[in-house]
Amino acid sequence: MKITEVEAIPLCLPVIDDTRADGTQDALIIRVHTDEGLVGLGEVDSSPTVAKAIVDAPPSHAIARGLRSIVLGCDPFDVQMLWRKMVEGTVYFGRAGAALQAIAGVDMALWDIVGQATGQPLHKFLGGSYRDQVRVYASAIMPDTPEEVGDLVRRHITQGYTAIKLGWGPLGRVSARLDVALVRAAREAAGMHDLMIDIGLVWDAAQSIKMARRFEEFDLFWLEEPLPPDDLNGYARLADAVDVRIAAGEQETTYQGLVALAEHGHVDVLQPDLARAGGLTPAVRIAQYAYDRNILCVPHAFSTGILVAASLHFVAAMPRGQLAEFTVSDSPIARDLLVEPFQIESDGAVRVPQAPGLGVALDDKVLRHYAQGRVMDLPGRQV
Ligand code: MG
């Protein structure tokens, strides 16, 4: 089999609110086409325009090449070899950041092709079928008032969620008093269910330690990203000083960056995003690393159903995989892109797809509605 085209399709809502830390307002979909008619699906969580340029760029020289020029004509079954070729072919402008995010999308699509071609769901290739459903946590932006927090948490508990995370919004940006009031409202509404709080990169170590102690009475499952991603000393001071689990990793795009968070930042939960951190190929190594070190690995995912599917397969294949992130954003890009959107079951879990590959298909109408630019017709499909 040979790769015949790599499509990078930016999706965007008609209006973007760039004051919100909400990654579901746009997306970059990757489709890898083959000479046998199979089309692999992937997704990049980045600035779609930047990541698309990294896919589309013509080669400048041996180590400054766009991803399409690297994989075109290759056998998609050489997925791990192609991952290395993409990393080595982008050393000049890559090594981390957007290049690795773009590689993640192509890598995901290659794994999807391998699964489709062999008739096996993706988790079979990532470590095996440890479970056929994955408990998910509802992930939402923190509202501005305790009343809104209470309503939002109660609504999701009623829908079946057994864990909820609220993050960003006003947290760490208005006052410590408001932070405590918002978290208190969340705990009161969540009852016995698991609650996570995501601060969003704004505190220093001293403030984080102080606030983690104030949050102690709310029994958080974890406290996420209170510090900027490169403050490893601060993360270590925090994690060593308090009892609550400290979670981080969604900003990392490399295996080395995620390992450093654990080794030097002492974090308790690693959160690789499969559409940012180089894709499934390195993520499997991260999951193995976390297992060996007996810390949690819970994939970050705040984009479309393609990333949800990849995350479900990833957690299904982890020996101690216990949770995945599930955005409850009402953006149609997050909610409506799949022909069959994922549904929460009454026990707070989501079923792992069992169809070949990622096991999901895109709604062509929705794709074309939000696509910026040309979308190729798929072989054998009426459009
Ligand atoms: Mg986060």
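Helix α1 (residues 48-56) and helix α4 (residues 98-118) pack with their axes 9 Å apart and at an angle of about 70°, where axes are lines fitted to C-alpha atoms, for helices over the stretch in contact, and angles run from 0 to 180 degrees between N-to-C directions. That angle makes α1 roughly perpendicular to α4, given that angles of 65 to 115 degrees count as roughly perpendicular, those under 35 as roughly parallel, those over 145 as roughly antiparallel and the rest as oblique. The contact (heavy atoms within 4.5 Å) is made by Val50, Ala51, Ile54 and Val55 of α1 and by Ala98, Ala99 and Ala102 of α4. Helices (H or I, at least four residues) and strands (E, at least two) are DSSP runs, numbered from the N terminus. The model is predicted, so that local features need pLDDT of at least 70 and side-chain atom pairs count only at pLDDT 80 or more, whereas totals for chains, interfaces and linings use all residues. Residues are numbered from 1 along each chain as its sequence is written, and side-chain values use heavy atoms, with hydrogens and water left out.

The contact involves Tyr255, Leu258, Val259, Ala262 and Glu263 on the α10 side, and Pro282, Arg285, Ile286, Tyr289 and Arg293 on the α11 side.

The magnesium ion has as its protein donors Asp198 (OD), Glu224 (OE) and Glu250 (OE), which lie 1.9 to 2.1 Å from it. Donors are N, O and S atoms within 2.8 Å of the metal (3.2 Å for Na, K and Ca), and water is not among the atoms, so sites may look incomplete. Along the chain, the donors of the magnesium ion follow the spacing D-x25-E-x25-E. Glutamate 224 lies in strand β7 (residues 222-224), whereas glutamate 250 lies in the loop between β8 (246-248) and α10 (255-263), so the pair ties together parts that are 26 residues apart in sequence. Glutamate 224 is buried, with a relative accessible area of 0%, and glutamate 250 is also buried, at 5%; buried means under 20% relative accessible area, exposed over 50% and partly exposed in between (1.4 Å probe, protein chains only).

In helix α9 (residues 232-241), the residues Gly234, Tyr235, Ala236, Leu238 and Ala239 are buried, and what covers the buried residues of α9 includes α8 (205-214), β8 and α10. Alanine 236 has a relative accessibility of 11% and touches His264, Gly265 and His266, not counting residues up to four places away in sequence. By contrast, glutamate 217, found in the loop between α8 and β7, is exposed, with a relative accessible area of 55%. The C-alpha atoms of glutamate 217 and arginine 187 are 9.5 Å apart in space, the two residues being 30 residues apart in sequence.

A search of the whole structure finds zero disulfides, a disulfide being a pair of cysteine sulfur atoms within 2.5 Å. Cysteine 74 counts as buried at 16% relative accessibility, and cysteine 297 is buried with a relative accessible area of 6%.
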